[in-house]
Amino acid sequence: MKRLIYLLPAVLMLSLFACNSPKNNIALVEKGISKKLNDRRDENISKVVYKLHFNLPATKAEPVWGNEEIAFDIKFPEEDIILDFQNDKGNLRKVLVNGKKIKNYNFVNGHIILPHKAFHKGHNLVSTEFIASNFSLNRSTDYLYTLFVPDKASTAFPCFDQPDIKGQFILILDIPRDWVAVSNGQQTSMENMGPFTQYVFGQTKPISTYLFAFAAGKFKVIKRTIKGHTLTLYHRETDSLLVKQNLDDIFLLQADAINWMEQYTGLKYPFQKFDFVLLPSFQFSGMEHPGDVFYRSEKMFLDKSATLSQKLERARLIAHETAHMWFGDLVTMKWFNDVWLKEVFASFMAGKMVNPSFPTFNHNLLFLTDNFPKAYAVDRTQGTNAIEQPLENLNMAGTLYGAIIYHKAPIIMMQLEEMIGAEKFRKGLTEYLRKFAYSNANWDDLVDILNSKTKKDLRKWSDVWVKQAGMPVYKLTYIKDLVYIDEFDMQQKLRFWPQNVDMYKVENEKYGVKIVFDDKQQYQFPIKKQPDLLFLNGNGKVYGYQQLDDKNKTFLLSSQVFRMPVITRTAIYIDLWEDMQNKNTLPQELRKIFPYFIKHETAEPSINLLLSYYQKLFWRFTLPDNRMALARKMEPLLWKKMEEATTLSLKSSYYKTYVKTAITKGGIEKLYSVWQKKIKIKGLSLSVANYTTLAYELAVRRALPQGKTIPDDILKKQLQRITNPDRKKEMAFIIPALNKNPAVRAEFFESLKIPLNRQHQQWVIKAVTYLNHPLVAIFSEKFILPSMEMLQGIQKTSDVFFPKSWLDAAFYGYNSKHAAAVIKKYLDKNHDLNKKLRQKILQAADPVLRSANILFNETSMIGFKHTKE
């Protein structure tokens with residue numbers, strides 16, 4: 001009974017697991033998988049083996065039938081067994097336990113409750129027949145693929161759908177004769193059986209249910225043995241030249257990534273084989289199913305004009321998913337609150353293995369520009385979250401994903417490696433992987449191992465950086481011959497974050513002192529006179545925002561930044577942007593200096609950062625009446641920089657910024673001539689995807705008086721140019737979002753309320769972004785409220801990244817006080833909204849709320865309102 005007292009409320013102590021009547025277990029099984037259910041089953045269930053058999057029909061209208069055997073050991077035979085099956089009860093056709101048909105089971109909240117009397121201690125066998133839900137089968141006309149992360153395996157078949165009950169999978173697939181299939185396990189047989197072919201995949205190593213996967217359909221198959229590894233690629237690309245020009249690089253990158261991980265960890269690749277599937281418009285960039293990795297096809301098959309940055313991104317993606325074979329697949333988190341752990345190590349390892357292959361890049365600079373701005377964009381909001389977040393139920397696990405995991409956590413991991421030392425850090429990770437191989441662990445398990453290798457108190461460090469939300473704000477105060485540096489959080493409360501602060505002082509162009517913030521919120525040091533500049537992030541590694549005083553700001557809003565090292569001035573660009581977000585610098589001040597920065601900056605990552613900021617500044621932080629003046633200044637500069645650029649990557653960056661921001665009559669006419677192929681850009685070969693994006697951008701500009709010359713059939717003509725059937729379907733889906741008629745756009749939005757119409761999530765995000773483009777914002781504000789009202793349904797019926805991406809797209813074009821008021825009113829009215837969904841709204845809405853406030857503040861401060869600059 002002691003176990004029950006620990007796990008359950010007192011009112012339930014006498015019932016749930018020790019009771020003879022299965023119906024009394026209903027109180028335990030809420031929708032989803034609760035932490036209580038997870039922990040109880042983890043203690044009771046072990047040695048799980050699934051033998052699954054699915055019949056995959058040729059047409060989407062037909063159901064997918066399946067049967068399975070689940071073998072497992074039980075520690076406590078007095079407890080009812082609860083299987084997860086997020087499906088209709090009617091789709092569970094038969095249940096047997098140890099060979100006997102069970103009729104008196106309960107089906108509650110997506111769970112099958114089986115009476116304990118049917119089981120015994122030790123080995124047991126449950127057999128079921130069922131119809132799989134289409135929810136996570138991603139069925140298209142002639143192919144399908146599964147995507148079960150984080151808790152969606154149980155939509156397809158009954159299982160213990162939690163990460164710390166690992167199972168071994170045997171899979172049988174009956175598929176149409178002209179299809180092929182791939183899964184985690186090694187294919188052991190393939191037999192033609194009349195109208196279908198049967199594939200059998202052998203038993204896998206122990207993996208979590210969210211990592212089990214298969215794909216089947218009309219795929220082309222390419223197998224190669226390279227550098228000691230046999231790799232098999234599945235794809236649907238119809239452009240044979242595109243495939244040919246990428247294959248060598250893809251296979252080499254994949255083999256190199258496996259070899260690098262084996263060398264770094266000292267552990268051989270831990271699964272039986274390595275296949276990978278390239279899927280058009282896949283929801284994620286990649287998904288780390290062991291032996292069956294999925295990639296988004298568009299990320300892998302790069303066109304001839306692909307930039308070096310795109311190639312680096314592809315290499316990192318391959319490295320990231322490969323690193324997951326060790327971090328996430330071999331050793332998996334016990335509970336999804338530690339999902340960040342697998343993601344941060346995959347990203348961290350990817351950088352280590354890929355960076356040496358791209359020696360022309362300044363990788364420290366890239367790390368700064370790739371991670372800090374994206375982390376700050378969430379950490380500055382009222383909806384920010386800690387790296388490690390609480391999680392009561394797996395049905396909310398998807399809300400844990402975001403920029404804090406993917407961009408703040410790598411910064412913190414960089415700090416950790418520097419604190420311990422690279423070699424001790426590597427040895428600690430190897431020990432962690434060996435100790436928990438084919439099992440589960442949490443962050444604290446790793447901290448205990450690393451703590452033994454340093455004199456630092458890593459638990460104290462972790463409590464600040466990993467388990468608490470927020471970012472530091474640094475303020476400098478000069479009093480006589482002392483300068484004081486205070487540390488606050490975004491709510492202006494004194495708080496400290498232990499990290500090294502590398503101070504850059506401009507006084508005879510020399511670095512100043514290095515200061516270590518550890519256990520104090522304030523640091524002071526003597527200074528003879530106030531220098532021209534005192535900047536706290538000289539090395540680009542300090543996480544936090546420095547509130548600029550007038551003297552510092554005046555110095556930084558000038559050509560003086562080009563006296564500094566590139567890493568320092570890029571950190572300054574970021575801090576200036578954050579200073580504007582915090583209403584300490586006016587957008588007008590950035591609009592004045594950014595053209596100068598863009599004109600004179602030479603480092604490619606810094607240029608890309610400035611161009612990204614410029615697009616946000618142009619659309620979000622400039623009033624519509626003032627955009628034309630900025631466009632007249634910037635369009636000639638961007639076009640000139642594009643023509644003069646010496647690398648393909650830079651040409652592409654300037655071109656894409658021009659496409660996204662050109663609004664003058666001359667700019668629109670120039671873009672239309674490019675689309676007509678009357679103007680060719682020297683050194684830049686545009687792909688079908690480039691022309692499609694250009695057609696979208698021109699179509700949305702028909703809302704401008706100077707865009708009236710764009711023909712109404714431009715999208716139809718671009719659709720005719722496309723030959724790939726998957727890309728053709730995508731564009732046909734997006735076109736209604738760009739229709740000139742607001743009623744058609746409204747009808748399209750209404751259609752998205754039906755979950756089936758949101759199946760292709762990448763398509764939806766593109767379409768909704770254009771639906772809410774700034775140029776049509778005045779007609780589209782009516783979509784803001786229903787977009788938020790749809791969020792709970794979207795969260796339940798979509799994959800992990802989609803809810804936040806949906807909100808980003810829904811809020812994309814807005815900076816008005818009215819739009820901000822709609823969002824605030826919804827949040828004020830819906831106090832009972834799930835906390836994690838509220839956080840997502842606050843994160844996505846922050847640019848709307850902040851820009852509306854900042855623009856109002858700017859017009860007030862400079863003494864005019866809605867007047868042209």
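**Reading a helix pair and its aromatic rings**

Mentor: In this predicted model, helix α14 (residues 566-581) packs with helix α16 (residues 604-619) at an angle of about 15°, and their axes are 10 Å apart.

Trainee: Why are α14 and α16 described as roughly parallel?

Mentor: Angles under 35 degrees count as roughly parallel. The angle here is about 15°, so α14 and α16 are roughly parallel to each other. The crossing of α14 past α16 is left-handed.

Trainee: Which residues make the contact?

Mentor: From α14 they are V566, T570, Y573, I574, W577 and M580, and from α16 S606, L609, L610, Y613, K616 and L617. By class, the contact of α14 with α16 has 9 nonpolar, 2 polar and 1 charged.

Trainee: How do I read the aromatic pairs?

Mentor: A pair of aromatic rings is described by the distance of the centres and the angle of the planes. The count for this model comes to 61 aromatic pairs. In one, W577 and Y613 have ring centres 4.5 Å apart and planes at 10°, so the pair is stacked. W577 in α14 and Y613 in α16 are 36 residues apart.

Trainee: Are W577 and Y613 buried or exposed?

Mentor: W577 is buried, at a relative accessible area of 3%, and Y613 is buried at 4%.

Trainee: Which aromatic pair is tilted?

Mentor: Y696 and Y770 form a tilted pair, with 5.4 Å centre to centre and 55° between the planes. Y696 lies in helix α20 and Y770 in helix α24, so the pair ties together parts 74 residues apart in sequence. Y696 counts as buried at 5% relative accessibility, and Y770 counts as buried at 9%.

Note on methods: Residues are numbered from 1 along each chain as its sequence is written. This is a predicted model: local features need pLDDT of at least 70, side-chain atom pairs count only at pLDDT 80 or more; totals for chains, interfaces and linings use all residues. Side-chain values use heavy atoms; hydrogens and water are left out. Axes are lines fitted to C-alpha atoms, for helices over the stretch in contact, and angles run from 0 to 180 degrees between N-to-C directions. Helices (H or I, at least four residues) and strands (E, at least two) are DSSP runs, numbered from the N terminus. Angles under 35 degrees count as roughly parallel, over 145 as roughly antiparallel, 65 to 115 as roughly perpendicular and the rest as oblique. A crossing is left-handed if the near helix is turned anticlockwise from the far one by less than a right angle, and right-handed if clockwise. Contact means heavy atoms within 4.5 Å. Ala, Val, Leu, Ile, Met, Phe, Trp, Tyr, Cys and Pro count as nonpolar, Asp, Glu, Lys and Arg as charged, and the others, Gly among them, as polar. Rings of Phe, Tyr and Trp (its six-membered ring) pair if their centres lie within 6.5 Å; planes under 30 degrees apart count as stacked, over 60 as edge-to-face and the rest as tilted. Buried means under 20% relative accessible area, exposed over 50%, partly exposed in between (1.4 Å probe, protein chains only).
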